[in-house]
Amino acid sequence: MTILSAENVSVTKGGRAILRDVSCQAHTGEFIAVVGPNGAGKSTLLSALAGLLKPGSGRVLLDAKALGALSMAQLAARRAYLPQNPRLEWPISVERLVALGLTARLPAVGELPESFAPAISRALELCDLTAQRDQTATTLSGGEFARAMLARAIVSTPQILIVDEPITGLDPRHAMASMTLLSRFAAEGALVIASLHDLTLAARHASRVIVLVDGAVLSDADSLTEELIHRAFGVRALASGAGDSRGFTLLSPSEK
Amino acid sequence: MTRLNLSLVILAVLAFAASLLAGRVWLPPSALLDVIHQPDSLAATIVSDIRLPRTVLALIVGAVLGLSGAVLQGFTRNPLAEPALLGVSSGAALGAVIAIYFGLAALSPVTGPLMGMAGALAACGLTFALGRNGTVALVLAGAAVSSLTAAGIALALNFAPNPYAAYEIMSWLLGSLADKSWTQVLLVLPFVIVGCALLAMTGRALDALSLGEAQAQSLGVNLFRLTVLVVAGTALSVGAVTSVVGAIGFIGLVAPHLVRPIVGYSPRRVLLPSALAGAVLLLCSDIAARLVHTNPELRLGVFTSLLGTPFFFWLVVRIRRRAP
């Protein structure tokens with residue numbers, strides 16, 4: 001089992017502490033949702049876990065080895081990362097966009113090897129984009145584009161998948177489909193870490209929820225509670241259902 | 001894709017042949033055979049001693065400008081990027097002007113290219129160091145570096161020891177392939193080969209970079225290594241050719257744009273066709289510049305600028321229309 005862990009990670013940007021002494025451990029097979037108010041440090045934590053940001057103090061370990069000791073290509077072969085609001089700078093086709101997810105495995109020169117075609121087809125199918133395969137990616141709708149980026153992230157079937165707000169801007173149906181896809185990925189043995197703003201979907205699909213407030217871990221548990229939502233977000237919430245129909249109705253702002 | 005490359009190679013071969021035959025003295029196609037059969041004839045001498053080195057140099061310079069333009073546009077993800085815009089050409093020009101001004105060029109023929117490459121390296125390094133945070137910053141840094149090098153060149157002109165030195169610098173700056181011999185070709189070739197090899201290695205990383213820096217890094221792209229390849233490759237190739245033929249603008253800007261839609265916009269696939277298109281463009285420009293009978297001759301750099309500027313305007317208008 002692969003373990004990704006953060007040990008006393010602190011990050012300071014421009015004199016402001018973004019992460020304070022964050023520690024957590026994540027195992028393959030888990031689907032971890034990171035929730036918290038704007039500016040809580042979710043994106044920073046995800047970048048640090050992805051090995052793209054060197055913490056000011058503390059360290060991130062993959063299988064007890066510091067991330068910094070791995071080469072970028074080695075890390076890329078095992079971990080996929082999708083930032084918040086991913087961009088595409090050239091109007092390339094959806095198929096080529098998804099193929100970019102295989103960059104670490106491609107030969108330095110020459111065309112895309114035929115052997116990668118099935119992986120690309122599968123990723124497109126999982127993200128419901130088969131019909132858009134040859135379309136120019138920059139002409140996709142916002143939701144389609146977000147799914148294309150998700151397909152780009154999963155095409156290499158990474159051991160660790162770190163995604164920053166993957167369902168922001170998706171309609172309810174595709175948001176649910178994407179969450180189901182991420183759960184399925186975890187069930188197949190990958191470690192999935194996603195920052196989310198949809199508390200209901202986080203509670204339903206994630207096997208663990210980390211609540212981050214002001215750069216520190218407020219809670220790291222199986223699920224969310226009304227009390228946690230109040231303390232983290234300053235919002236009164238009403239919980240209902242359980243398991244797959246667990247949900248939160250947000251009522252009104254509350255005093256923290 | 002390969003069909004495009006093949007068409008471009010055929011065009012380049014045709015332009016190459018035309019460049020050997022066209023000029024103040026038009027030669028019949030049979031003159032090309034004379035080079036082998038009657039090497040002592042006048043036609044053969046014109047072809048092998050005057051037009052062949054000039055044509056080979058045009059091919060090399062065009063390919064270098066086309067390739068470096070494609071790499072720089074892919075690297076900066078900015079459709080306006082080219083060696084001249086980022087200050088690389090003017091850096092090379094300043095280096096070469098210093099070599100001319102202080103008489104270093106007379107010491108050894110290799111001094112010019114070396115100073116040109118040093119200037120290009122300094123300018124390119126400075127631009128990328130200043131403009132690290134995004135494409136707007138990069139273009140502004142390029143403008144700042146260009147101003148700096150322009151000031152340096154103006155200083156050299158100001159204090160030129162005599163009008164002839166000023167004229168020599170000035171006419172060299174306009175860019176020309178006239179009166180070039182095999183010496184110049186052999187002088188730049190090693191640097192061009194190494195520089196282009198470095199630039200050709202950037203393809204995969206440029207493709208990944210179309211997702212932005214964070215995603216490219218997450219895909220295993222070492223941005224530092226990529227920057228070194230781009231800076232060193234551009235400085236070597238563009239620096240060497242600029243120091244020999246002067247500043248020739250717009251080929252690096254136009255060539256990638258011509259081929260990009262045909263290859264589906266993938267930055268890596270633009271590289272080879274853009275180098276070929278650059279070679280074709282420069283060969284044709286040089287032929288055209290030769291055919292316009294003026295006295296003194298119309299300089300190649302002036303000609304490409306006259307042709308390229310409207311394209312630049314069109315590009316600016318199109319970008320403005322697309323911007324929110």
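Predicted model: local features only at pLDDT ≥ 70, side-chain atom pairs only at ≥ 80, totals over all residues.
**Entry 1: the pocket**

I started with the lining of the largest pocket, where α3(B) supplies the largest share, five residues. I looked up the volume next, and the largest pocket comes to about 1000 Å³. There are 40 lining residues, and the ones closest to the pocket centre are B:Ser176, B:Ala178, B:Asp179, B:Lys180 and B:Gln184.

Which helices of chain B each give at least two residues to that lining? I get α3 (42-76), α4 (88-101), α5 (104-107), α6 (111-130), α8 (163-173), α9 (182-200), α12 (223-245) and α14 (267-291). By residue class, I noted 17 nonpolar, 13 polar and 10 charged in the lining.

**Entry 2: B:Ser176**

I picked B:Ser176 from the residues closest to the pocket centre. B:Ser176 sits in the loop between α8 and α9 of chain B. Buried or exposed? B:Ser176 has 5% relative accessibility, so I put it down as buried; the cut-off for that is under 20%.

Its side chain reaches the backbone nitrogen of B:Ala178 at 2.9 Å. B:Ala178 is also on my list of residues closest to the pocket centre. Leaving aside neighbours within four places in sequence, I found B:Ser176 in contact with B:Val245, B:Glu297, B:Arg299 and B:Leu300.

**Entry 3: chain B as a whole**

I checked the secondary structure of chain B: 15 helices and zero strands. Then I looked at the overall dimensions. The C-alpha atoms fill a box of roughly 65 × 50 × 35 Å along the principal axes. For 324 residues a compact globule would have a radius of gyration near 20 Å, and chain B has 20 Å, so the two agree.

Buried residues are 54% of the 324 in chain B.

**Entry 4: A:Glu30**

Over to chain A, where I looked up A:Glu30 in the loop between β2 (16-27) and β3 (31-35). A:Glu30 has a relative accessible area of 15%, so this one is buried too.

What does the A:Glu30 side chain reach? I found the backbone nitrogen of A:His27 at 2.8 Å. There is also a polar contact with the side chain of A:Arg208, at 3.0 Å.

Setting aside neighbours within four places in sequence, I listed the contacts of A:Glu30 as A:Gln25, A:Ala186, A:Ala190, A:Leu191, A:Val192, A:Ser207 and A:Arg208.

Terms used: Residues numbered from 1 in each chain as written. Chains lettered and ligands numbered in written order. Heavy atoms only, no water. Helix = DSSP H or I, 4+ residues; strand = E, 2+ residues; numbered from the N terminus. Buried < 20%, exposed > 50% of the residue type's maximum accessible area, 1.4 Å probe, protein only. Contact = heavy atoms within 4.5 Å. Polar contact = N/O pair within 3.5 Å; in protein donor to acceptor, adjacent residues only side chain to side chain. 1 Å grid on protein atoms, 1.4 Å probe; cavity = no way out; pocket = protein on both sides within 12 Å on 5 of 7 lines; lining within 4 Å. Points joined across faces, edges and corners; volume = space filled by probe spheres on them. Nonpolar A, V, L, I, M, F, W, Y, C, P; charged D, E, K, R; others polar. Rg over C-alpha atoms; globule rule 2.2 N^0.38 Å.
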